[in-house]
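Subject: Structure handover

Hello,

Here is the structure I said I would pass on.

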Amino acid sequence: MSKVTSAASEAERNHIIKETEAVLNRFARKKQHLIPILQSVQEKLGYLPREAMMKIADYLNISAIDVYSVVTFYNQFRLNPPGKHSIRVCLGTACHMKGGYITLDAWKRRLKIDSGETTQDREFDLDIVACVGCCTKAPVTVVDGKPEGQVEPTRVDGLLLGFGYEEGKKEKEKSESK
Ligand code: FES
């Protein structure tokens, strides 16, 4: 699996433009509406694609780089589409002390993405979070909203196995070797 880097497909682009325009129609062309517009577009699409940011910049008559700067400044905004499964590695103090960064590295290596990214097949997205309130179970990873405790690198493999990740990989390898 590799990260999502390519531009949206034609159908996806049309969908992005249509949804973005629907949001823009609800707002006056005022710069102070930039954040509520970004929030509404993200609510519709799950992230802020480049096409949407360009459209918003055009509508508000500001530069695309200004929109991008705001999007990257606030961590509520996502630049990548959400995956089917969300992986959130806790890096709060307790998890950090118990090797949260090692767990994060294990997820990165296994999914072949960095934090803040989504796998190419859009199965998983990876991010970091602050304390989720289960410090006694550190290091914690929140998988699809459910906190999992003692997630060491070997447990990462086990959790991925639970998603049939290994199985899928083996099947792919088998068909490629034919
Ligand atoms: S620091 Fe990770 S759950 Fe509290």
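Helices (H or I, at least four residues) and strands (E, at least two) are DSSP runs, numbered from the N terminus. This is a predicted model, in which local features need pLDDT of at least 70 and side-chain atom pairs count only at pLDDT 80 or more, while totals for chains, interfaces and linings use all residues. Residues are numbered from 1 along each chain as its sequence is written.

Overall layout

The chain has 8 helices and 4 strands. In sequence order they follow the pattern α-α-α-α-β-α-α-β-β-β-α-α. A residue is called buried if 20 or more other C-beta atoms lie within 10 Å of its own, exposed if 12 or fewer, and partly exposed in between, with C-beta atoms placed from the backbone. Of the 178 residues, 25% count as buried. Two residues are in contact if their C-beta atoms, again placed from the backbone, lie within 7 Å. Taking contacts between residues at least 6 apart in sequence, 63% join residues at least 24 apart.

Two packed helices are described by the angle between their axes and the distance between the axes. Axes here are lines fitted to C-alpha atoms, for helices over the stretch in contact, and angles run from 0 to 180 degrees between N-to-C directions. Angles under 35 degrees count as roughly parallel, over 145 as roughly antiparallel, 65 to 115 as roughly perpendicular and the rest as oblique.

Helix H1 (residues 10–24) and helix H2 (residues 34–45) have axes that come within 9 Å and cross at roughly 140 degrees. H1 is therefore oblique to H2. On the H1 side the contact is made by Ile16, Glu19, Thr20, Val23 and Leu24, and on the H2 side by Ile37, Ser40, Val41, Lys44 and Leu45. Sorted by class, this contact has 6 nonpolar, 2 polar and 2 charged residues. For that count, Ala, Val, Leu, Ile, Met, Phe, Trp, Tyr, Cys and Pro are nonpolar, Asp, Glu, Lys and Arg are charged, and the others, Gly among them, are polar.

H2 also meets helix H3 (residues 50–60), where the axes come within 11 Å and cross at roughly 150 degrees. H2 and H3 are therefore roughly antiparallel to each other, and H2 passes H3 in a right-handed crossing. Here Leu34, Ile37, Leu38, Val41 and Leu45 of H2 meet Ala52, Ile56 and Leu60 of H3. This contact has 8 nonpolar residues, no polar and no charged ones.

Two strands are taken to pair if DSSP finds at least two bridges between them. The 4 strands form an open sheet in the order E2-E1-E3-E4, with mixed pairing. Strand E2 (124–129) and strand E4 (146–148) are at the edges with a single partner strand each, so one side of each has no neighbour in the sheet. From one strand to the next the twist averages 25 degrees. Strand E1 (residues 85–90) pairs with E2 in the parallel sense over 6 bridges; within that pair, Ile87 has Leu126 of E2 as its bridge partner.

Helix H6 (residues 100–111) packs on the sheet and touches E1, E2 and strand E3 (141–143), its direction making about 150 degrees with that of E1. Trp107 lies in H6 and is buried, with 24 other C-beta atoms within 10 Å. Neighbours within four places in sequence aside, Trp107 is in contact with Ile87, Val89, Leu126 and Val156. Its C-alpha atom is separated by 7.7 Å from that of Pro153, 46 residues away along the chain.

Loop residues to look at

Pro139 is in the loop between E2 and E3, and the peptide bond from Ala138 to Pro139 is cis, with omega near 0 degrees. Arg122, in the loop between H6 and E2, is not a glycine but has a positive phi of about 60 degrees. Gln150, in the loop between E4 and helix H7, also has a positive phi, near 50 degrees. Gln150 counts as exposed, with 12 C-beta neighbours inside 10 Å.

Regards

How values were computed. Left-handed = near helix turned anticlockwise from the far one by under 90°.
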